[in-house]
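Hi everyone, thanks for making time today. Let me put the model on the screen, and then we can walk through it together.

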Amino acid sequence: FQAEDGIRDSSVTGVQTCALPISKYLDACAAVIASQEVPARSWYDLAHQVTRCAVLAQFGDWEGVIDIARTADPELERRQFRSLRTALLCASARAHARLGDHAKAESRLSLATRVCPRGAVDPQIVLESTTATCLTLRGDATRGAAHFDRALSSARAIGHRLHEHHILREQDACRQGAPSAP
């Protein structure tokens, strides 16, 4: 390769000689790769955002919840992860309701209702509970209580203790007006 490539360096070995013509392109390739967007986030990373929202909600960091939901939503929409998107939209709706922005909470809740997969019980329970939270925080405790009852009945019907626990905590927190986890 030395003679064909025009390389006349006596300190270059045969293996290094083969790499020299390519090396000038490596920097150009690295620059192109660096300028491209990061590959798509994994399903596990996106699902982890639901957990992050729950933790932030536990501490009353509603702005953090909204930020997570906002940044993850375009990817969830594009990849049609409807259950995850429903959960994050519900987290965002609860956060907006806690911050007193009921119009935005209603908007997020309406979108969550449209994207919620039909027949998927878990997202529908979360949606029902979130509806209850938003209604209660907006001042409609009677309708909120009916939605909490439906969410609890659904969670108990499938034996989902975690949902039941979260619904009861959220219901108590709404009655007291204090922040709580989703």
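Reading from the N terminus, the elements of the protein run α-α-α-α-α-α-α-α-α. That gives nine helices and zero strands, where helices (H or I, at least four residues) and strands (E, at least two) are DSSP runs, numbered from the N terminus.

A word on where this comes from. This is a predicted model, in which local features need pLDDT of at least 70 and side-chain atom pairs count only at pLDDT 80 or more, while totals for chains, interfaces and linings use all residues. Residues are numbered from 1 along each chain as its sequence is written, and side-chain values use heavy atoms, with hydrogens and water left out.

Of the 182 residues, 38% count as buried; buried means under 20% relative accessible area, exposed over 50%, and partly exposed in between, with a 1.4 Å probe and protein chains only. Among contacts in the protein with a separation of 6 or more, 53% are accounted for by residues 24 or more positions apart. Contact here means heavy atoms within 4.5 Å.

Let's start with helix H3, residues 43–58. Its 16 residues should span 22 Å at 1.5 Å a residue, and the end C-alpha atoms are 23 Å apart, which agrees; the expected span is 1.5 Å times one less than the number of residues. Which residues of H3 are buried? They are Leu46, Ala47, Gln49, Cys53, Leu56 and Ala57. Seen down the axis, these buried residues fall within an arc of 165°, so they line one face of H3. That arc is taken from the directions from the helix axis to the C-beta atoms. Their cover includes helix H4 (62–79) and H5. Just after H3, Gly60 has a positive phi of about 75°.

Next, the packing of H5 (residues 82–98) and H6 (residues 102–115). Their axes come within 8 Å and cross at roughly 165°; axes are lines fitted to C-alpha atoms, for helices over the stretch in contact, and angles run from 0 to 180 degrees between N-to-C directions. H5 and H6 are therefore roughly antiparallel, a label for angles over 145 degrees. The contact includes Leu89 and Ala93 of H5, with Leu109 and Ala112 of H6.

H6 also packs with H7, at an angle of about 160° and with the axes 11 Å apart. So H6 and H7 are roughly antiparallel as well. Among the contact residues are Ala105 and Leu109 of H6, and Cys134 and Leu137 of H7.

One residue I'd like to point out is Ala97, in H5. At 4% relative accessibility, Ala97 counts as buried. Leaving aside neighbours within four places in sequence, what does Ala97 touch? Ala97 is in contact with His102, Ala105, Cys134 and Leu137. Ala97 and Leu137 are 40 residues apart in sequence, and 6.4 Å apart in space, C-alpha to C-alpha.

Last stop: H8, residues 141–157. Its 17 residues reach 24 Å from first C-alpha to last, close to the 24 Å expected. Gly144, His147, Phe148, Ala151, Leu152 and Ala155 are buried in H8. They cover an arc of only 140° around the axis, which puts them on the same side of H8. On the other side, Thr142 and Ala157 are exposed. Cover for the buried residues of H8 includes helix H7 (121–138) and helix H9 (161–176). Just after H8, Gly159 takes a positive phi of about 70°.

Conventions. Angles under 35 degrees count as roughly parallel, over 145 as roughly antiparallel, 65 to 115 as roughly perpendicular and the rest as oblique.
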